[in-house]
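Welcome! Here is a short tour of a structure that may be new to you.

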Amino acid sequence: MSEPTPVSPAAASAEPVVRIEGLETTFGKGSEAYTVHRNLSLDVRRGEILALVGGSGTGKTVLLRQMLGLLQPTAGRVTVLGRPASEMGGEGAASRVGMLFQHGALFSAFNVLDNVAFALREQGALPAALVRDAALVKLQMVGLEPEHATRMPADLSGGMIKRVALARALIMDPPLLLLDEPTAGLDPNGADEFCALVRELHAALGTTMVMVTHDLDTLFALATRVAVLADRKVIVTGAPAEVARFPHPFVEHYFLGERGRRAMAPVQAGKET
Ligand SMILES: Nc1ncnc2c1ncn2[C@@H]1O[C@H](COP(=O)(O)OP(=O)(O)OP(=O)(O)O)[C@@H](O)[C@H]1O
């Protein structure tokens, strides 16, 4: 497995693509109120692949939903490309932020091409033939053939569903791509292939990416930086090998458990040579 694409110092110092300041997310009211994030701050830098990790229920998916502008912060601010994320809903959202949902979330009644073309067609700015060509280009980018275009989602393998979902997320060439558990449900070979594809696209397009993952192999294959959610906020950010040394029970369990040691072995071996 090759190393993740490095981020140049110039790109890393530029204006963040996502800026989250003092975020509070509370669901419900009164005695039913449940606070998922409190005083959470995080910047996503241009060109990076940031992995969000944390225990179950720590609010990783909710944080992606905040970046998509699907939730209103209870307090604090979420700014995407210089504008409040909550202003992004409706038209134009897909041209700013692409989202790869955990299980692909393809429209089961649409074929592959119509799934990929959806946001561009909805926008209504291009003639049908151009929309179709754009969708075919995206299918090619994710390693699918034109003959896959007329297949229905029910006839696709898990790996193909992920690829179609990725092509759909990229149809408007968004500068920011959010990936929720990109390799969940794939076997180890399928996961490696999908990571290789994401890495190639990142190198070719320079898209800033934020991914939620429980899978350490995926984290080490892709992440240029890691942010750990615990205690309702981001407790540490840094390069994967740095964060792995942070003294916190979740971090120790996540990185230094048996699976963690296995996933970190190639990184450590690479450092020794
Ligand atoms: N719309 C909602 N209304 C009420 N509670 C919600 C809502 N969405 C999420 N939650 C709660 O917020 C908490 C965080 O959920 P979230 O899905 O972000 O966790 P996560 O870190 O992604 O967990 P996992 O790793 O298990 O997927 C959970 O307790 C969840 O039940």
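How many residues does helix α5 have, and how far does helix α5 reach from its first C-alpha to its last? Helix α5 (residues 128-141) has 14 residues and reaches 20 Å, close to the 20 Å expected at 1.5 Å a residue (1.5 Å times one less than the number of residues). Helices here are DSSP runs of H or I with at least four residues, and strands are E runs of at least two, numbered from the N terminus.

Two notes before going on. This is a predicted model, where local features need pLDDT of at least 70, side-chain atom pairs count only at pLDDT 80 or more, and totals for chains, interfaces and linings use all residues. Residues are numbered from 1 along each chain as its sequence is written.

| Side of α5 | Residues |
|---|---|
| Buried | Val131, Ala135, Lys138, Leu139 |
| Exposed | Ala129, Leu130, Gln140 |

The buried residues of α5 fall within an arc of 105° seen down its axis, so they line one face of the helix; the arc is that of the directions from the helix axis to the C-beta atoms. After α5 comes glycine 143, with a positive phi near 85°.

Now to the ligand. Its shell (C-beta within 6 Å, placed from the backbone) includes Phe27, Tyr34 and Lys60. Helix α2 gives the most to this shell, with three residues.

Technical notes. A residue is buried if 20 or more other C-beta atoms lie within 10 Å of its own, exposed if 12 or fewer, and partly exposed in between; C-beta atoms are placed from the backbone.
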